Structure formats: C-alpha cells, structure tokens
Amino acid sequence: MDLKTLTFLVVGATFALYIGIAIWARAGTTKEFYVAGTGVHPVANGMATAADWMSAASFISMAGLIAFMGYDASVYLMGWTGGYVLLALLLAPYLRKFGKFTVSEFIGERYYSKAARMVAVLCLIVASVTYVIGQMKGVGVAFSRFLEVDFHTGVFVGMAIVFVYAVMGGMKGITYTQIAQYCVLIFAYTVPAIFISLNLTGNPIPQLGLGSDMVGTSVSLLDKLDMIVNDLGFAAYTAQKKSTLDMFLLTLSLMIGTAGLPHVIMRFFTVPKVADARSSAGWALVFIAILYTTAPAVGAMARLNLMETIQTGPVGSADGNLVYADRPEWFKNWETTGLLKFEDKNGDGRIQYYDDKSATFADKAASFGWKGNEMVTVDRDIMVLANPEIANLPNWVIALVAAGGLAAALSTAAGLLLAISTAISHDVIKGMISPGISEQKELLASRLAMAGAIVVAGYLGMNPPGFAAQVVALAFGLAASSIFPALMMGIFNKNMDNIGAIVGMLVGLLSTLIYIFWFKGWFFIPGTEMAANTADNWFLGISPESFGAVGAMLNFASAYVVSKITPPPPEHIQHLVEDIRVPMGAAKAAAHH
Amino acid sequence: MSQPTQRQAYWTANLKLVAGCLAVWFVVSYLFGIILVDQLNVIKIGGYRLGFWFAQQGSMYIFVVLIFFYAYRMRKLDQKFNVEED
C-alpha cells in the first residue's frame with residue numbers, strides 16, 4: 001500500500017475514534033461541560049492532562065530544537081516538566097479544595113475583588129489565544145501536507161473536527177478524547193525512536209540507547225556525536241553555549257509559567273478528591289516524561305543520522321561528502337517543501353555541511369576547497385517528521401507519526417478553547433454581566449463562546465499576526481509573572497490582601513511586558529524596538545524569554561510590601577484560606593454551586 | 001472535627017514537607033543540571049556525562065518520584081491529623 005493511502009487510513013481511523021468518544025461522552029450540565037462532573041479518575045485525568053499539555057511544539061519541534069541546540073535545550077526539558085512539581089505541591093490540591101470552575105474565579109473570591117478577577121481573565125485569554133494560534137497553524141500544515149490540499153482547507157478541516165468534539169462534549173468529551181489522543185501520540189513518538197535506537201546502539205530503550213555505545217564499537221553515542229560535530233566546526237553537542245544565569249532563569253520562567261497556565265491548572269478541578277489532585281499531577285508528569293525523556297534520544301540520534309548521511313567519509317577527503325545526485329528519497333521530499341535547501345557553493349556536486357561561522361574552522365575549510373555551508377536551510381521542525389524516513393522505517397510508521405502530530409495539536413487546541421470559552425461564559429457573562437443566568441443558558445453561552453473561539457483561532461491560524469513564535473515567550477511570561485504568584489500567595493499567605501495582590505500582579509505583568517516589548521518591539525510591531533535584541537543589551541544578560549522569573553520575583557516582593565502597609569483581608573477571607581488548606585469538607589465545597 | 005491548633009500543626013507539617021521536596025527539586029535541576037554541570041560532567045555513567053544526564057534525563061525522573069512521594073506523605077498526614085475527605 002502506498003504512503004498516501006496508509007496515511008488516510010490511519011489518520012481517518014483515529015478521527016473516527018475521537019468523534020465516537022465525543023458522542024458517547026456528551027455533556028448535559030455546566031458542571032460536566034466545565035469540569036467533567038469532577039468524576040475523572042486521577043490516572044485518566046493525568047493522561048488527558050499530558051495530551052492537553054503536549055502540543056504540536058512538544059511533538060514536532062522539541063526534538064528538533066534538541067538536535068541543534070544539544071545541552072542548551074535542557075532548559076525546555078526541565079522547564080516544561082519541573083512546573084508540575086510546583087503545581088502538585090503549591091497549587092493543585094488547594095484549588096481543587098476551593099472547588100470552583102476557573103482560575104480567575106479563585107483570584108476574584110480570594111482577593112474579594114472584581115478588578116483582580118478581570119486582570120486574571122485578561123491574562124488567561126491573552127495567554128490561551130496566543131497559544132491556540134500556533135496549534136491551529138500546526139493543524140493546518142499537517143492536514144494540508146497529508147491530505148494534499150491547500151493550507152486554508154487544512155485549517156477548515158481541523159476547525160470542523162475540533163468543533164464537533166469540543167463544543168458537544170465540553171470537558172467531559174475533551175477529557176475522554178484526550179486519553180485516546182495521548183495513546184495515539186505516545187505510540188507514534190516512541191515506535192520510531194525504538195527502531196532508531198536499536199539500529200544505532202542495539203538498545204531498544206531510547207533513554208538507555210542515548211547513554212550506550214555505538215553498535216560494534218566502544219565509543220559512546222554522545223562522544224561520537226561530539227566528535228562528528230566538532231570535526232565540522234560546530235560546538236560540541238554536550239557543551240554549554242548559553243550563559244549559566246540565562247539558563248537558570250529561563251528554566252525557572254518555564255517552570256513557573258507552566259504552573260501558572262490556566263488550561264493546565266483547570267485540569268485539576270476535574271478529579272474527585274483533593275488527594276487525587278496531588279497524585280494526578282504525578283500521573284500527568286509520568287505520561288509527559290515518557291515523551292520528554294525520549295526526546296533527547298530522538299534529537300541526538302536524528303542529528304547523528306543527518307551528519308553521517310551527508311559526511312560519508314573523513315572530513316576533508318576528496319570523496320568524503322555525499323554526492324548531491326545520490327541524495328536519498330527523504331532529502332528530495334523535504335526539498336520540495338522548501339524546509340531543506342542545498343546550494344552547491346563550490347560547484348563540486350557534493351554536499352558540505354559545516355559551521356562556516358566558526359573562525360577556527362575557516363582555514364581548514366578553505367584548504368579543503370569548501371566555500372561555505374551548502375545546507376543553507378535545515379528547518380528544525382522537520383527532524384521528527386523526517387526521522388522515520390531517514391532511518392528507512394516502513395511506511396506505516398510514517399503514517400503513524402502523521403496521526404500522532406495531529407493528535408498532539410488537536411488535543412492542545414481543544415483544551416485551550418475550553419479554557420477560553422469557560423473564561424467568557426463563566427467569568428465574564430455569569431460572573432460580571434448577568435449573574436442570574438440559568439444553567440441551560442450558561443451552557444448555551446459556553447458552547448457559543450467555544451464556537452466563536454474556534455472561528456477566531458482558525459482565522460488567526462490562517463493569518464498569523466507574524467509574531468506567533470515570539471508570543472510564546474509572552475504567554476509564559478504572563479502566566480509566570482502574574483497568575484502564579486497571585487495564586488501561591490492566596491494560599492500560603494493568609495494576610496495577603498486585595499491591594500497587595502493587584503499591585504503585585506500589575507508590577508509583575510507590566511515589568512515583564514515592557515521588558516519583552518523593549519527588545520521585540522511594542523506589541524511586536526517591527527521597528528519599534530528600544531534596543532537590539534542581543535545579549536550585550538540585555539539587563540544582566542537576561543533574555544526576554546527568561547524575564548518571567550524576574551517578573552514573578554518583583555510580583556512577590558511588591559505584593560508583600562504593599563500588604564504590610566494596607567489593611568489585612570476581612571475575617572471571612574482568612575477563614576476561607578484556612579479552609580482550603582485542609583482537604584476535609586471538599587465535597588461540600590464542590591456541591592456549593 | 002479537628003481543633004484549630006491541630007490544623008495549625010497539620011499546616012506546619014505540610015510546609016516542612018513542601019520545603020524538603022522543593023529543596024530536592026532545586027538540587028537535581030538547577031544545581032546538578034545547570035550550575036554544577038561542568039564539575040559533574042567529569043563523572044561518567046555509561047555513555048552519559050553525569051551533569052548532562054541530570055539535565056536531560058535524571059531531573060525528570062526525580063520530579064516524578066517527588067510528586068508521588070509528596071502525595072503519599074500527605075495522605076499519611078491527612079490521616080494522622082484526621083483531616084481527610086469523607
């Protein structure tokens with residue numbers, strides 16, 4: 001069977017499964033719609049959270065980043081997993097005990113302030129919308145490639161599918177669909193990794209393969225990789241290239257940001273008990289770690305395969321480089337997408353791939369007759385998708401990877417859309433505009449809000465505002481500098497009052513926003529940067545992506561100072577805080593609405 | 001129903017546990033994975049340099065264990081102070 005038919009079959013079968021689950025798990029009440037009736041088993045919830053969290057970026061882009069950044073990419077691995085420790089220890093059980101539907105609702109009640117709730121809703125919507133744009137774009141790209149339709153049709157198909165299962169099912173439908181999507185995506189990710197690890201090291205477990213010797217030699221895979229890239233002028237794979245301070249702060253920003261992202265926190269409202277919220281975060285991390293510990297192996301092995309495909313013999317020898325006319329099939333396939341580009345700079349018909357910016361390697365390259373790096377474009381995002389082809393795996397594995405990438409993008413898009421629609425129907429409409437709304441009407445409002453959000457997300461996915469990549473820093477910066485500190489102080493500092501919390505959120509939010517805009521342009525408009533975005537200009541060498549952690553510190557500090565000089569919160573709020581600190585009585589709290 | 005002083009004791013015990021877990025969280029990722037990475041890279045386990053292993057593998061395994069350890073200890077604390085959900 002040819003690849004196209006196989007892809008149709010595999011992708012089609014997985015979609016039939018998702019929609020079938022959505023019909024089976026229709027939501028009947030607002031509670032089922034928002035939090036799946038708080039009846040989801042912690043292991044199931046953990047799996048759904050993992051699918052929700054791991055987006056197209058985790059599935060497709062991360063291993064590519066690791067392949068080209070080497071050790072420096074550790075910030076993403078630690079940053080996007082360590083946040084779950086903060087969630088489990090500092091937020092999830094208490095927010096579950098509080099027993100409401102949304103993060104902004106907690107902030108509004110804890111700080112007895114509609115203004116605080118508004119600030120939280122705003123942060124939530126900005127963070128979620130920026131995220132969802134990237135997902136819809138990913139869905140469009142994937143569909144257009146595999147269905148061989150144009151990009152816009154791809155986005156429409158994706159919108160229609162998300163619409164069916166997210167609008168109908170709400171959290172209940174989404175949760176069960178995400179469990180299926182997790183199974184598809186993890187299977188699709190690990191199968192090629194196992195094959196490749198087995199090929200290179202003889203060890204079928206990629207996590208161990210990465211630390212093993214190359215087949216038939218006593219040289220370890222990582223040493224070999226260091227050697228190969230060094231010989232071609234690149235910095236060693238396992239060496240550190242970023243500054244230590246920036247790595248530290250970026251990891252911290254990503255961790256705090258993860259723990260503050262509303263669509264992740266929301267998942268812990270769906271478990272039956274407070275104790276389940278703690279273990280559910282652990283299960284979520286187990287399912288995430290299966291992919292995240294495989295990714296470094298995928299990245300390193302893909303880089304090794306790529307280098308060895310091109311550099312076939314000793315560096316500098318006359319026939320040590322791949323003849324362009326003999327390039328493999330996958331090379332040609334990716335050339336047609338424009339994501340892989342070759343330019344024969346020295347006209348020898350062979351491909352030279354080396355670091356032509358390395359001053360120490362320049363003389364050597366000149367002596368070989370090399371006139372610059374000829375792999376002018378190697379898009380990082382193709383690594384995971386091209387990996388099975390590079391390793392000559394059967395067609396069904398390639399079809400599976402396509403289905404996995406789509407599952408990752410769709411599950412994250414659905415979770416984000418739910419967070420957005422809940423914010424609109426529950427926080428804005430029920431919380432502020434019309435508190436007396438009936439449950440039927442609220443359910444209708446949230447479905448309409450979801451449909452509206454899908455249309456907006458689809459539109460933005462088709463016409464990305466040109467800064468989709470930069471806004472990821474913004475989403476994490478916002479969550480880290482405003483939402484996380486407000487939640488944490490609300491639980492751990494009984495004396496934190498409304499003014500302190502609002503001042504803190506604004507200080508954190510504005511300092512982070514201004515720092516990002518300073519180097520990336522006001523509202524990302526090109527040409528309005530106040531200083532070039534280079535390490536020399538950064539404050540203490542802190543990149544804009546890493547500033548969220550500093551913003552969070554400023555938030556904590558200013559809130560603390562202000563709370564000391566303003567009146568303490570009223571008695572009933574202090575009781576509320578005492579109450580959420582113990583699990584007892586949670587059922588009552590949940591039945592309250 | 002638990003007494004206010006008992007609730008206070010429960011909360012203090014919880015804070016101690018959280019502090020201990022976060023210390024481990026900090027050590028395996030920030031200390032071993034970033035700050036001391038060069039020093040630890042001198043040591044090799046299999047084909048991995050130790051600092052690199054902590055940064056790209058070990059810290060994540062320990063995070064998982066930490067959360068389950070915390071959940072388990074908290075379940076015990078909930079029982080000890082009689083504040084579990086019914």
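User: Is Lys345(A) buried, exposed or partly exposed?
Analyst: Lys345(A) has 14 C-beta neighbours inside 10 Å, so it counts as partly exposed. The cut-offs are 20 or more other C-beta atoms within 10 Å of its own for buried, 12 or fewer for exposed, and partly exposed in between, with C-beta atoms placed from the backbone. Bear in mind that this is a predicted model: local features need pLDDT of at least 70, side-chain atom pairs count only at pLDDT 80 or more, and totals for chains, interfaces and linings use all residues. Residues are numbered from 1 along each chain as its sequence is written, while chains are lettered from A and ligands numbered from 1 in the order in which they are written.

User: Switching over: Glu32(A), buried or exposed?
Analyst: Buried, because Glu32(A) has 20 C-beta neighbours inside 10 Å. Glu32(A) sits in helix α2 (residues 30-35) of chain A. From Leu6(A), Glu32(A) is 26 residues away in sequence and 37 Å away in space, C-alpha to C-alpha.

User: Now the chains. How many residues does each put into the contact?
Analyst: Chain A gives 44 residues and chain B gives 36 residues. On the side of chain B that touches chain A, α1 (4-35), β2 (48-49) and α3 (50-80) of chain B each supply at least two residues. The largest share, 16 residues, comes from α3(B).

User: And what classes of residue is that side of chain B made of?
Analyst: It divides into 23 nonpolar, seven polar and six charged. Here Ala, Val, Leu, Ile, Met, Phe, Trp, Tyr, Cys and Pro count as nonpolar, Asp, Glu, Lys and Arg as charged, and the others, Gly among them, as polar.

User: What angle do α5(A) and α3(B) pack at?
Analyst: About 5°, and the axes of α3(B) and helix α5 (residues 74-98) of chain A are 9 Å apart. Axes are lines fitted to C-alpha atoms, for helices over the stretch in contact, and angles run from 0 to 180 degrees between N-to-C directions. That makes α5(A) roughly parallel to α3(B). Angles under 35 degrees count as roughly parallel, over 145 as roughly antiparallel, 65 to 115 as roughly perpendicular and the rest as oblique.

User: Which residues meet there?
Analyst: Among them are Leu77(A), Met78(A) and Tyr84(A) in α5(A), with Met60(B), Phe63(B) and Tyr70(B) in α3(B). By class, this contact has 12 nonpolar, five polar and no charged residues.

User: Last one: how long is α18(A) compared with what its residues should span?
Analyst: Helix α18 (residues 439-462) of chain A has 24 residues, which at 1.5 Å a residue should span 34 Å, and its end C-alpha atoms are 34 Å apart, which agrees. The expected span is 1.5 Å times one less than the number of residues. Its buried residues include Leu443(A), Met450(A) and Ile454(A).

Notes
Contact = placed C-beta atoms within 7 Å. Helix = DSSP H or I, 4+ residues; strand = E, 2+ residues; numbered from the N terminus.
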